[in-house]
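Q: I have the sequence and the coordinates open. Can we go through the labels one by one and see what backs each of them?
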Amino acid sequence: MKKPAVFRVPESIFYGRGSFENLGSQAALKGKKALIISDNVMDQLGYVTEGRALLHVAGVQSEVYLGIASEPTDKYVSEALDLFKSEQCDLVISIGGGSCIDTAKAIAVLAVNGGSIGDYLGGKKLAQQTPVPHIAIPTTAGTGSEATDVTVITNTFNNVKMMIKQPAFLPDAAIVDPLLTVSSPKNITAATGIDALSHAIEAYLSKKAHPMTDTMAISAMKLIAENILTAYNDGGNLDARERMSLGSLQAGMAFSNASVCLVHGMSRPIGALFHVPHGISNAMLLPAVLEFSQEACVERLADIGRIFRPDIVSGDGVKAAEIAVQSVKELCRKLNIPNLKEWGIDGEAFEKAVGKMAADAIDSGSPANNPKVPSQLELEELYHICYDYHFSSASEKV
Ligand code: NAD
């Protein structure tokens, strides 16, 4: 390790089946009136009612914002912040996927530090005051947002998905209960599971990786590689759900401290312009980006190949690296990941957007962490490759 490093995680992490029960006691330590940030799906599943009951028993009042109808925008943040203030809340609780957690992170910071969320992009404004306490409860496995210092909010003025990173966005406590993910349908299990895998892979390949992030990334890759297909094909399998939740949490801790790279840099503009859910757009890009990066990270990719195929991989690094790429490709195929064209994105509209997407990706800073840093032209070429990428069966080749 050439330079000293830092590893930041939430103050408390409760995890495992039934850990949701800790909500009341934890909330009572941090505030008197909570704003719960959630969505209608969570409400219908009964998770919001269950959360409010746990708070009630612990003597904590609660109000609810259920306005998250898609990946979060600055508009949701303003609405929820107004409610937080008018209800005189002193604690934020997010129950949901990354969209709910990221909105709650923004409220926790803005409520005491002021300004609008876009002000914090790129560290232009730094949170000087300790944010309102935030307890994050993920229901997907997942973004790992419960353990990251990142919030991703779309700027509705310029259609840019802003990746905003500061220690103040880290939740105080994470409660990672896999029982809350069992209701996740197949398509969401696939998209969010590949999202978690791409966090772990990108954290491991990042130029900013260090030994603490490597430990989390390797463990996360093992948990996800071994369990994602079971969770997808047999959603009621609690062992697989539990390992996916743990893998997602560890992947979050890894990338929050090592940064993500090219996949995420390219993925956000697709989400902002074509509204492809984050996990799906990552999956659409991951194999092609690994192929692009392969020559610059053979040894690290080889480690990933050995995780996917411990049965057949020898000491040959080049072969093991190829197995990593082919295994990810094969996994996308088994999870029925479509390419951008199959998703229904119009070719002409995509062509028109490629220049802006490549420029926005570079501006986000994430591609600079990639083992091989692309030029604007290479990025545009990669978008073209991904548009009609073929997730062919690769198992015969390795
Ligand atoms: P999501 O929060 O957008 O949820 C997707 C859908 O799944 C929603 O309709 C939701 O109601 C539903 N859902 C969630 N949990 C469910 C469950 N248990 N059962 C049934 N339905 C369920 O999806 P996501 O992938 O978790 O989050 C995506 C957002 O997170 C994006 O905006 C992305 O940019 C962001 N993100 C943030 C970070 C971070 O560190 N802050 C990391 C990665 C992604």
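This is a predicted model: local features need pLDDT of at least 70, side-chain atom pairs count only at pLDDT 80 or more; totals for chains, interfaces and linings use all residues.

Q: Why is His275 called exposed?
A: The cut-off for exposed is over 50% relative accessible area. His275 has 62% relative accessibility, so His275 counts as exposed.

Q: Which value of phi does Ser259 have, and where is Ser259 found?
A: Ser259 has a positive phi of about 75°, although it is not a glycine. Ser259 is found in the loop between helix 8 (238-258) and helix 9 (262-274).

Q: What makes Ser259 buried or exposed?
A: Buried means under 20% relative accessible area. Ser259 has 12%, so Ser259 counts as buried.

Q: What makes Arg8 partly exposed?
A: Partly exposed is the range between the two cut-offs, under 20% for buried and over 50% for exposed. Arg8 has a relative accessible area of 37%, so Arg8 is partly exposed. Arg8 is placed in the segment before strand 1.

Q: How far apart are Arg8 and Ser256, in sequence and in space?
A: They are 248 residues apart in sequence. In space, C-alpha to C-alpha, Arg8 and Ser256 are 7.9 Å apart.

Q: Why does Lys2 count as exposed?
A: Exposed needs over 50%. Lys2 is at 86% relative accessibility, so Lys2 counts as exposed. Lys2 is found in the segment before strand 1 (12-15). Lys2 and Asp177 are 175 residues apart in sequence and 37 Å apart in space, C-alpha to C-alpha.

Q: Why does Met42 count as buried?
A: The limit for buried is under 20%. Met42 is at 8% relative accessibility, so Met42 counts as buried. Met42 is found in helix 2. Met42 and Asp214 are 172 residues apart in sequence and 33 Å apart in space, C-alpha to C-alpha.

Q: How many aromatic pairs does a search of the whole structure find?
A: The search finds five aromatic pairs.

Q: Why is the pair of Tyr120 and Phe169 called edge-to-face?
A: Rings pair if their centres lie within 6.5 Å, and planes over 60 degrees apart count as edge-to-face. The rings of Tyr120 and Phe169 have centres 6.3 Å apart and planes at 80°, so the pair is edge-to-face.

Q: Which parts does the pair of Tyr120 and Phe169 tie together?
A: Tyr120 lies in the loop between helix 5 and strand 5 (134-138). Phe169 lies in the loop between strand 7 (160-165) and strand 8 (173-176). So the pair ties together parts that are 49 residues apart in sequence.

Q: What makes Phe350 and Tyr383 an edge-to-face pair?
A: The limits are centres within 6.5 Å and planes over 60 degrees apart. Here the ring centres are 6.4 Å apart and the planes are at 75°, so the pair of Phe350 and Tyr383 is edge-to-face. Phe350 lies in helix 14 (residues 347-364) and Tyr383 in helix 15 (residues 376-387), so the pair ties together parts that are 33 residues apart in sequence.

Q: Why is Phe350 called buried?
A: Phe350 has a relative accessible area of 2%, so Phe350 is buried. Tyr383 is at 0% relative accessibility and counts as buried.

Q: Which residues form one aromatic cluster?
A: Phe274, Phe350, Tyr383 and Tyr387 form it.

Definitions and conventions. Residues are numbered from 1 along each chain as its sequence is written. Side-chain values use heavy atoms; hydrogens and water are left out. Helices (H or I, at least four residues) and strands (E, at least two) are DSSP runs, numbered from the N terminus. Buried means under 20% relative accessible area, exposed over 50%, partly exposed in between (1.4 Å probe, protein chains only). Rings of Phe, Tyr and Trp (its six-membered ring) pair if their centres lie within 6.5 Å; planes under 30 degrees apart count as stacked, over 60 as edge-to-face and the rest as tilted.
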